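Dear colleague,

Please find below the structure that I am handing over to you. My findings follow after it, and I would be grateful if you read them alongside the model.

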Amino acid sequence: MSAFAKLRRGLVERRISGTLILGLSILLLIVLISIIGPLFVDAHNATVGAVTPRRPPSAQYYLGTDSQGRDMLTLLIYGTPNTLKMGLIAGFIGVGLGLVFGLLAGNFGGIVDAVIRIVADALLTVPAIAILVIIAGNVDRMTTNVMALVVASLSWMFTTRTIRAQVLTIRERSYVEVARVNGEGALEILFREIMPNLLPFIVASFVGTVGSAILAVIGLEALGLGALEETTLGNTIYWSQQSAAVLRGYWWWWGPPIVVIALIFLGLFLTSVGFDRFANPKLSRR
Amino acid sequence: MSRELVSYFAKRFGQLLLIVFIAVSVNFLIPRLLPGDPVQTAIAKLQASGAQQSVDVQAVTNAYRAKYGLDQPMLAQYVNYWRDLFRLDLGVSFANFPETVTTKLLNALPWSLGLLAVATLVAFSVGSILGALLAWPGTGRGIRALVPGLMVLTAVPFYLLAIILIYLFAVIWKILPPAGGMDTTRIARLDIGTVLDVLRHALLPLLAIILGNVGFWALGMRSQMVSVLGEDYITFAEAKGLSAWRVFFWYGMRNAMLSQVTALALAMGSVLSGAVLVEVIFNYPGLGSLLYVAIRGQDYFVIQGVVLMLIVALAGLLFIVDLIYPLLDPRIRR
């Protein structure tokens, strides 16, 4: 079946909901702007003192300038991909670790399972920002890549829980039983019978993990623990807070980054809600 | 108390101890795992930040050396660390030398606790009732129209919501104060003026946390309520001729609340993380602002103290939620 026919069938059976399409389109739009955007703006305008400071939006500066003399539109276009990059790196590492721990716990049980489960549960209930502050505060030179690693260190627990729970139920299904009777080895069962059924949960966990990683990154940046030499959305908000931009009425300084951040989260949220329906056809009948 | 209940409480208490143990160990290990002499690094950072010219470097160095005891073996350091904790000795603040970290924490704690407790209670109850109504077939269109709005509020981090609220209420309309816990000129006394002033300052931070969370609880409750309303006992209750009101609250909401309370335990961590940032944005005199000022001034013991306090406070809150749970779910009580 061609991809187009699949899409059409999905739409007819109402598995692909408007929510999923809307969510993915928002994300796609943001990614497109991050890729094409730099072709239209001059990177130099994102450096301190490049343009007249404190200008409201005008024909010359579409989104105004901040009080350090940086063009807001240029800052946004160069900051968005950096923020997305941190979320994606942390998401990949977090889901990867979560998958490994979840498979280990679900597949082998016993003491391995107990240790992984207890540590994951304990870390899930701890306010992430508290531990991240300690780690980030001790890093010598912060960069966006290091930031992604710091956040990734606390991004694996949710995936671990989901994968572990799924492995436990899938293991008891009859087709796994059949495979076992047919003489498939433990690894073969894991990769050929169990893994393909985990795919929807891995994708769902990835969307959620990227979202919470970006949330944590922006939170750390708002506290001034970010990679302050680099341009990111969170740093832009940090600098606007430092200059009391809210009280001085420079709405164009903090407004646009908030809108972009809100759009990223909205896109991720709608995608995850829509994907639930896609992966779980039972839900779409409601 | 039955044996199941005792073992339930014992398990929960074990988890509380485990969280505290992990938190303390992380606090202890991370500065020591990183390369270099932590004392020298801390002093260098303190000087580089240039914020505290008045700090007596010698006194600070001595305090660090005494606190860390780096010439001793690792295990002895660890034991010392725990001993100091039990004496509530968390070190001294460098920015306000020689004020102790414990004093600073105790000054900030009531502000944070009040803010978080009120905001969470309001958001949780309003959100749960709203979510249950959204799943109820007899609910009007007016309430259903709220769903997209709730989704947006859930998606947006609520400390960003706080910035927008300050701009609207304090800058454009000028009806509420933009920052602080009370007027800087006021001397805190237990009179009606002080109370009103504190409430007036707390209103915007509260609103930010409540708006940011109410959607999460409403959407969670809605999906729970939808599955509860499909159960046979609901049909049976309706067939018995019970009033809609009774079916809604005692048969529907009561059962759907169980998973809401479980979700409360899991969500408290992220609510607390967000509340810390809301405090920073409002310059509210709680733990969040204390943390922020300490980070800016490289006031290391204060940072550690706040982090420990946050984790322990949260673990305590979770334990309280766990204690309430058997009241809601009689199956555990038996």
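Two residues are taken to be in contact if their C-beta atoms, placed from the backbone, lie within 7 Å. Please also bear in mind that this is a predicted model.

I begin with one residue of chain A. Leaving aside residues up to four places away in sequence, A:I30 touches A:T80, A:L263, A:I264 and A:G267. A:I30 itself belongs to helix α2 of chain A, which covers residues 18-36.

The interface between the chains comes next. On the side of chain A, 35 residues are in contact with 44 residues of chain B. Four helices of chain A, namely α4 (110-125), α5 (128-138), α9 (186-222) and α11 (251-279), each supply at least two residues of the side that touches chain B. The largest share, 9 residues, comes from α5(A). By residue class, this side of chain A comprises 27 nonpolar, 7 polar and 1 charged.

Two packed helices are described by the angle between their axes and the distance between the axes. For α4(A) and helix α1 of chain B (residues 3-33), the angle is about 75° and the axes are 10 Å apart. Because angles of 65 to 115 degrees count as roughly perpendicular, α4(A) is roughly perpendicular to α1(B). The residues that meet here are A:I118, A:A122 and A:T125 from α4(A), and B:Q15, B:L18, B:I19 and B:I22 from α1(B). This contact divides into 5 nonpolar residues, 2 polar and no charged.

Turning to chain B as a whole, I find 14 helices and 0 strands. Of the 334 residues in chain B, 38% are buried. Among the contacts in chain B with a separation of 6 or more, 73% are accounted for by residues 24 or more positions apart.

Within chain B, the axes of α5(B) and helix α9 (residues 192-229) come within 5 Å and cross at roughly 35°. The crossing in which α5(B) passes α9(B) is right-handed. The residues of this contact divide into 25 nonpolar, 5 polar and 1 charged.

Finally, two loop residues of chain B may interest you for their backbone geometry. Most residues other than glycine have a negative phi. B:L88, however, has a positive phi, near 60°. B:L88 sits in the loop between α4 (74-86) and α5 (101-135) of chain B, and with 11 C-beta neighbours inside 10 Å it counts as exposed. B:N283 also has a positive phi, near 50°. B:N283 is found in the loop between α11 (244-282) and α12 (287-296) of chain B, and its 16 C-beta neighbours inside 10 Å make it partly exposed.

Yours sincerely

Methods:
Residues are numbered from 1 along each chain as its sequence is written. Chains are lettered from A and ligands numbered from 1 in the order in which they are written. This is a predicted model: local features need pLDDT of at least 70, side-chain atom pairs count only at pLDDT 80 or more; totals for chains, interfaces and linings use all residues. Ala, Val, Leu, Ile, Met, Phe, Trp, Tyr, Cys and Pro count as nonpolar, Asp, Glu, Lys and Arg as charged, and the others, Gly among them, as polar. Axes are lines fitted to C-alpha atoms, for helices over the stretch in contact, and angles run from 0 to 180 degrees between N-to-C directions. Angles under 35 degrees count as roughly parallel, over 145 as roughly antiparallel, 65 to 115 as roughly perpendicular and the rest as oblique. A residue is buried if 20 or more other C-beta atoms lie within 10 Å of its own, exposed if 12 or fewer, and partly exposed in between; C-beta atoms are placed from the backbone. A crossing is left-handed if the near helix is turned anticlockwise from the far one by less than a right angle, and right-handed if clockwise.
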